Amino acid sequence: MPASAPLIEGKDLALSYGQQLVLDRVSLKVSPGEIVTVVGPNGAGKTTLLKILLGLALPDAGRIQSKPNLRIGYVPQKLDIAPTLPLSAKRFLQMAAPQGNRAIEAALKRVGAPKVLETPLLGLSGGELQRVLLARALLRNPELLVLDEPVRGVDLAGQADLYELIADLRKQMGLGVIMVSHDLHLVMQATDEVLCLNGHVCCHGHPEAVSRHPEFVALFGPRVAETMALYPHHHDHVHK
Amino acid sequence: MTGDLDFLWRAALAALAVALIAGPLGCFVVWRRMAYFGDALAHASILGLALGFMLKIDLMAGVLAGGILFAVLLFALERQKRLQSDTLLGILAHGSLAIGLCALALAPALNVDLQSLLFGDVLAVTIGDILWAWGGGLFVLAGLAILWRPLLSITAHEELARVDGVAVERTRLLFLILMALTVAVSMKVVGVLLITALLVIPPAAARPFARSPEQMAVIASAIGSASVLAGLYASLMIDLPAGPAIVAAATLIFAASMAFKRP
């Protein structure tokens, strides 16, 4: 684990909607160069947790500490743009990039989608759209990436590619990453820390340890947990 | 000879100002899926008119104040979660229309022509109306130009914009105020019931020809202006009511635009 101070740290975060407790004293931290993945069933509070970290929602209790002037790149779960709005990928990225078109082209190249520059957003495939969103996040020159289901709407092979891309970005740029995911075993290979969420933190730690944890097994069923344990966790990077 | 047609030039001047601002503003109404909000705002302006009359202030100022009040009220009410916003809009829109109509009926000295209120009376515009339309119109255009970037950003994705540091609340509120102003300026031209048509139809007709948001705004203004001229011409030649003729012309252009695929 990286020794430097965490980019962002949440302590005992709690939030309820009316009677329903959505988050129950959740604590987590993300350090530079670290990938933290939040897994959990639907309604577990994963997206809510990210929104609190982003400052889009306020917790009822708990506190957030982040590095001063932390620059965040955010990839939301979905983009719901009206079909009447004519936006090319380029025009969409221009909104986030006062640096100009050269930076936009560089960002698209970096995420492996250099050809979509003039394509209308609505004409992008699921994988291309996710890459454009990732490029938008990178244009903010972030220290921390917050990704809400970054492989949503992407076919299986594309999912593996995207996770690899995220791991690469982390390695090249030393970014901290926190992401929400459903696809457990793909993500298990590309993460340092897993946070299994179901309102409260069921368990957290290294992917292998989490996949053997009784609460994780209870939540996802022994079959999923077993598949997970079969996947060795290759560290393709070295922390200095 | 030309003196006879003075009313027509005045009508065209006022209506063109409205078409010009309705283009870009209407684009945001369409992109932000706010057509129903436009309707509600227009209906509420009847109440503003009645209030303006009762308080003995300029009627246009009354309409404007009523519209801004309505926009702010809705902005505040949308933060509560008890009713979803389409229900809330339905209540506010028709509630304020009904109360406004009652108030107008109760004001004995005010001899308002309900017909002209609902469907516009562009052939009767005065020089003062034209000044209102162009003054208000230029103000709206300038405001929209300043607001363009953040507004487009929150229209694409509000939370993304917020994380990027856009002042989301302020931008939304200022946009609502620009809309209230547009409604006030458009009332005389097409009337309360047809204002939304002028906001929504030209942008929809412009969509197949636009490759960027800015292009769509400009084309929408052009289509709106063409509708104004065609509508007024039809109104002169075959004696149609001017406001509805303008909206009907816009609708025909929209129908023709359906034949084109969007780029």
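Residues are numbered from 1 along each chain as its sequence is written, and chains are lettered from A in the order in which they are written. In this predicted model, local features need pLDDT of at least 70 and side-chain atom pairs count only at pLDDT 80 or more, while totals for chains, interfaces and linings use all residues.

**Exercise 1.** Work out how strand E6 of chain A is covered and which strands it pairs with.

*Solution.* 

Step 1. Strands are DSSP runs (E, at least two residues) and helices are DSSP runs (H or I, at least four residues), numbered from the N terminus. E6(A) covers residues 144-148.

Step 2. A residue is buried if 20 or more other C-beta atoms lie within 10 Å of its own, exposed if 12 or fewer, and partly exposed in between, with C-beta atoms placed from the backbone. By this rule 5 of the 5 residues of E6(A) are buried.

Step 3. In a regular strand the side chains alternate between the two faces of the sheet. Here A:Leu144, A:Val146 and A:Asp148 point one way, and A:Leu145 and A:Leu147 point the other way.

Step 4. Two strands pair if DSSP finds at least two bridges between them. Strand E5 (residues 72-75) of chain A is joined to E6(A) by 4 bridges, and the two run parallel. In this pair A:Val75 stands opposite A:Leu147.

Step 5. With strand E7 (residues 176-180) of chain A, E6(A) forms 5 bridges, also in the parallel sense. A:Leu144 stands opposite A:Gly176 in E7(A). From E6(A) the chain passes through helix H5 (residues 156-173) of chain A to reach E7(A), in a right-handed β-α-β crossover. Right-handed means that, with the strands pointing away from the viewer, the path from the first strand over the helix to the second runs clockwise.

**Exercise 2.** Compare A:Asn69 and A:Glu149: where do they lie, and is each buried or exposed?

*Solution.* 

Step 1. Most residues other than glycine have a negative phi. A:Asn69 has a positive phi of about 55 degrees, and A:Glu149 has a positive phi of about 50 degrees.

Step 2. A:Asn69 is in the loop between strand E4 (61-66) and E5 of chain A, whereas A:Glu149 is in the loop between E6 and H5 of chain A.

Step 3. A:Asn69 counts as exposed because it has 6 C-beta neighbours inside 10 Å. A:Glu149 is buried because 20 other C-beta atoms lie within 10 Å.

**Exercise 3.** Describe how strands E8 and E9 of chain A are joined.

*Solution.* 

Step 1. E8(A) (residues 193-198) and E9(A) (residues 200-205) pair in the antiparallel sense over 5 bridges. A:Cys196 stands opposite A:Cys203 in E9(A).

Step 2. The two strands form a hairpin with 1 residue between them. In the turn, A:Gly199 has a positive phi of about 85 degrees.

**Exercise 4.** Describe the two domains of chain A and the contact between them.

*Solution.* 

Step 1. Domain bounds come from an automatic or database domain assignment. Domain 1 of chain A is 1-71 + 142-240, and domain 2 is 79-140. Their centres, taken over C-alpha atoms, are 25 Å apart.

Step 2. Two residues are in contact if their C-beta atoms, placed from the backbone, lie within 7 Å. On this basis 11 residues of domain 1 of chain A are in contact with 9 residues of domain 2 of chain A.

Step 3. On the domain 1 side, H5(A) gives the largest share, 3 residues.
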